[in-house]
Amino acid sequence: MKVLIAPSILSADFCRLAEEVVAVQEAGADLLHLDIMDGHFVPNITFGPAVVGAIKSVATVPLDVHLMIENPEKFIDDFASVGADILTVHVEACNHLHRIIHKIKDMGIKAAVSLNPSTPVESIQYMADDVDMVLVMSVNPGFSGQKFIPQALRKIASVRELVGSKKDIQVDGGITRENASRVTGAGANILVAGSSVFSASDYAEAIKALRG
């Protein structure tokens, strides 16, 4: 599968957000990864539907919206209405994951499920056929710039075995040019990259290096 790069907007310069979005798209981004944090499910607060809608107005690639929030089912309509193309919910935050995934899909949006570092792959065993993508967190969610957790490589391989060869596996956290090939070698095909793209002087070169 082709390796796709999803720069994480959380690491962009928010004083120049529209410019940053345009620049990273021109540099070759395949998706834009938008981290939604509520200060409850994770120890940080980011932004909501209004900012997603603003980004959509200048986006030319799909918006990959990662809901790191409690009760995500209450906000699916809000993010769908402002242009989310992919909605990812955490298995840890969903009492009724099957219902939520199918609500997302019924709205014509790709539905994904995410696993925190300590969450076993078995927790999504009976959802593998339903989701469009699995997101493996390779850091504990909540802050950008964290170091990649090596055990994630084994989890990525286990997820690939579970979902088969045709579904997307995304990895988020500590992705760098030094470890990207190991992550894709384990079975991932979408890499979320924040600091390694937005801290680079040349976004295009950074994205090319991650893609391999």
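Predicted model: local features only at pLDDT ≥ 70, side-chain atom pairs only at ≥ 80, totals over all residues.
Residues are numbered from 1 along each chain as its sequence is written, and side-chain values use heavy atoms, with hydrogens and water left out.

Colleague: At which residues does UniProt place the feature "binding site"?

Modeller: The annotation comes from an unreviewed UniProt entry; UniProt positions are given in the numbering used here, feature names are shortened, and annotations may be inferred rather than shown by experiment.

Colleague: Is H33 buried or exposed?

Modeller: H33 sits in strand β2 (residues 32–37); strands (E, at least two residues) and helices (H or I, at least four) are DSSP runs, numbered from the N terminus. Buried means under 20% relative accessible area, exposed over 50%, and partly exposed in between (1.4 Å probe, protein chains only). With a relative accessible area of 0%, H33 is buried.

Colleague: With which side chain does the side chain of D35 make a polar contact?

Modeller: D35 lies in strand β2 and is buried, with a relative accessible area of 4%. A polar contact is a pair of N or O atoms within 3.5 Å; within protein, one must be able to donate a hydrogen and the other to accept it, and residues adjacent in sequence count only if both atoms are side-chain atoms. At 3.1 Å, the partner is the side chain of S8.

Colleague: How many salt bridges does a search of the whole structure find?

Modeller: Side chains of opposite charge can pair when their charged atoms come close. A salt bridge is a side-chain nitrogen of Lys or Arg within 4 Å of a carboxyl oxygen of Asp or Glu. The number found in the whole structure is 8.

Colleague: With which residue does R177 form a salt bridge?

Modeller: The closest N and O atoms of the R177 pair are 2.9 Å apart, and the partner is E205. R177 lies in the loop between β7 (168–172) and α6 (180–186) and E205 in helix α8 (residues 203–211), so the pair ties together parts that are 28 residues apart in sequence. R177 is partly exposed at 42% relative accessibility; its salt-bridge partner is E205.
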